[in-house]
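I opened my notebook beside this model and jotted down what I looked up. Follow along with the structure on screen if you like.

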Amino acid sequence: MLTRFRISRYLPCLAASAALFAPHLQANGQEIFRDDFDGSGIVDPTVWRLPFGSEGNFVGRTQFRGDAGVDMPPQGVDEALASDGKVAEIYLDTFSPIDPGNQFLGTDLISKRDFARGGGVTFESRMRLVPNANNGGLVNGFFTFDVTRPDPNIEGESLRDEIDFEIIGNQTVGGATQDIFTNVFNDSGFVPANNVDRPEFTDIPGIDLTQFNDYRIEWTPNHVKWYVNDSLIRTETEDVPDDPQKLHFNLWAPAEDFSAAFNAGLQPAAVEGANERFTSQVDHVVVNRINTNVSENLLTDGSFETTVPVLNQPIGTVTDTWYSFNQASVVFGGQDGAPAADDGLFLGKTFGPFFFNSDASGIQQQVPASPGEEFEVSVKAITPSGDSIAGADNFVNVNIAFADASGNIIGTDGSDFPLIDGRDPNAAVDEYVSGTASAKAPEGTAFARVQLLFVQIIDPPGSGGDGGSVFFDSVELVRLTPQGDFNGDGLIDAADYTVWRDNLGASEDLLNSAGDGSGTVDIGDYLLWKSVITGTPVATLSAGLVPEPSTGAVVLLTLTLLPAGRRR
């Protein structure tokens, strides 16, 4: 509650200066992902994966490990300098058994989930490039990258979003200045003529890139900020990415086209005995969601306990129930070869349609949606050893598709990815894999459709194809809405301030408001909007304000809010 005084006369000043604070409102954040890499053996293959096959696994002069016979990197490695004494290690070898003497063998560790921006996300990691006098010519990346999607303007080309922290090996040797490299891409192509990025080196006095440092990316609708050891080193407000992205850690050797990182003295080894191994270490990684309202589960019966899916019928414009096609059904957990359910008693089951051509089976449900809205689907999937897809060409896609008012699919916005892939040498068997896919609704959207797909590859057509089955449980679809977007247009800008100003004192909560339970439009809503616009935590905006002793409410109004003629 505000002390009763006329605030309307000060509204123009409020747009530029935040001086009032409701004590209950805090800078919000929710941890949505964490890995301390303290387990034994390899990093968790239910959480991380490597690229494999033809999946963009060659960069610069480096082949990324991930194909058959090449393991995931180790975790739980003893390291006294780590905050908890354990790290994951990511390697680059100068000898590659795939093409000795011509390429390096590097590592690209990829999260099995992606992250939608919503009102904001932060990615934090403590890591280092292990000291080596020969580190020149390496790139050690901590970055986000989206699923590539077709370029609407150049046939056969793709676009991507990306936010980078990169430790450049050349900056760690020969008396270099230890500058940190950052970059950002939004709807950028891969060919030079269509590549739009904003690379930047930042000098950080006293830093040693071969020792552990804390790196943080803050990504909101209005900006990307990069922090090193809690100090802001860069802010970018142009070309801010807006598509969901996965998290990566990698170590690779670039070609001459990345001149700032290339070193001609680093060359591939022709024989295994001449191999030199370079290492980066990751102490931990944490992802937090900020400034975002998350809806309740929008799906009906996400655990398949009460609904019998409608089989082989077009879903059209129907909402609130499951539909399935080809070989998909609901089964009782723990019976007839099915694993135990993750939640409740039943699971969704999918397996190959066996139509002698590559095809799919699936389960799907949709909810009403509008253009610009961001959605996130989470699911648990398992392939049992008694009928596993491991080693097969089959895979499972988790997908958010978008449909128009007639029920016609108009796009997936790059949200689909193989949660369990039989072609992956590290595919998990007999254990649930948690997957999360996110997507932003394009123009023309009327429905957001969750699709759980078993894709069967039969090559050549007419051959028997591989078998296997995959079961699903605990499916959840949520809507992510930026807090402070008071007019619901997907942006947080001056128009939202106008909505707040025009409704100040009204006995109802604004759309995407602070959610403080007051039931009124008050200064807490303004401060939330201000915190998103400026990237300044609400707690910082409140500094110096004094609560009223009798009520605990805020009463201090700073002189900067008073008209010039009224100063005392």
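Predicted model: local features only at pLDDT ≥ 70, side-chain atom pairs only at ≥ 80, totals over all residues.

**Entry 1: the second largest cavity.** I began with the lining of the second largest cavity, which is made up of Arg49, Phe52, Lys112, Pro418, Leu419, Ile420, Asp421, Asp424, Ala427 and Ala428. Residues are numbered from 1 along each chain as its sequence is written, and side-chain values use heavy atoms, leaving out hydrogens and water.

My rule for spaces works on a 1 Å grid over the protein atoms alone: a cavity is a set of points where a 1.4 Å probe fits but cannot get out, a pocket is an open set with protein on both sides within 12 Å along at least five of seven lines, and lining residues have an atom within 4 Å of a point. Grid points are joined across faces, edges and corners, and a volume is the space filled by probe spheres set on the points.

Strand β28 gives the largest share of its lining, 4 residues; strands (E, at least two residues) and helices (H or I, at least four) are DSSP runs numbered from the N terminus. By class I find 6 nonpolar, no polar and 4 charged residues in this lining, where Ala, Val, Leu, Ile, Met, Phe, Trp, Tyr, Cys and Pro are nonpolar, Asp, Glu, Lys and Arg charged, and the others, Gly among them, polar.

**Entry 2: the largest pocket.** I read a volume of about 1,400 Å³ for the largest pocket. It is lined by 42 residues, and Val59, Phe145, Arg160, Glu162 and Phe190 lie nearest its centre. Elements giving two or more residues to this lining include β3 (58-59), β7 (104-115) and β28 (417-421). The largest share, 5 residues, is from β11. The lining divides into 20 nonpolar, 10 polar and 12 charged residues.

**Entry 3: proline 425.** I found proline 425 in the loop between β28 and β29 (433-440). Its C-alpha atom is 8.0 Å from that of aspartate 71, though the two are 354 residues apart along the chain.

**Entry 4: glutamine 366.** Strand β24 (residues 359-368) holds glutamine 366, which is buried at 0% relative accessible area. Leaving out residues up to four places away in sequence, its contacts (heavy atoms within 4.5 Å) include Ile315, Asp320, Ala403 and Phe447. Valine 450, 84 residues away in sequence, is 6.0 Å from glutamine 366, C-alpha to C-alpha.

**Entry 5: two asparagines.** Most residues other than glycine have a negative phi. I noted asparagine 291 with phi near 55°, in the loop between β18 (277-289) and β19 (292-294); asparagine 291 is buried at 10%. Asparagine 512 has phi near 60°, sits in the loop between α2 and α3 and is buried at 9%.

Key: Buried < 20%, exposed > 50% of the residue type's maximum accessible area, 1.4 Å probe, protein only.
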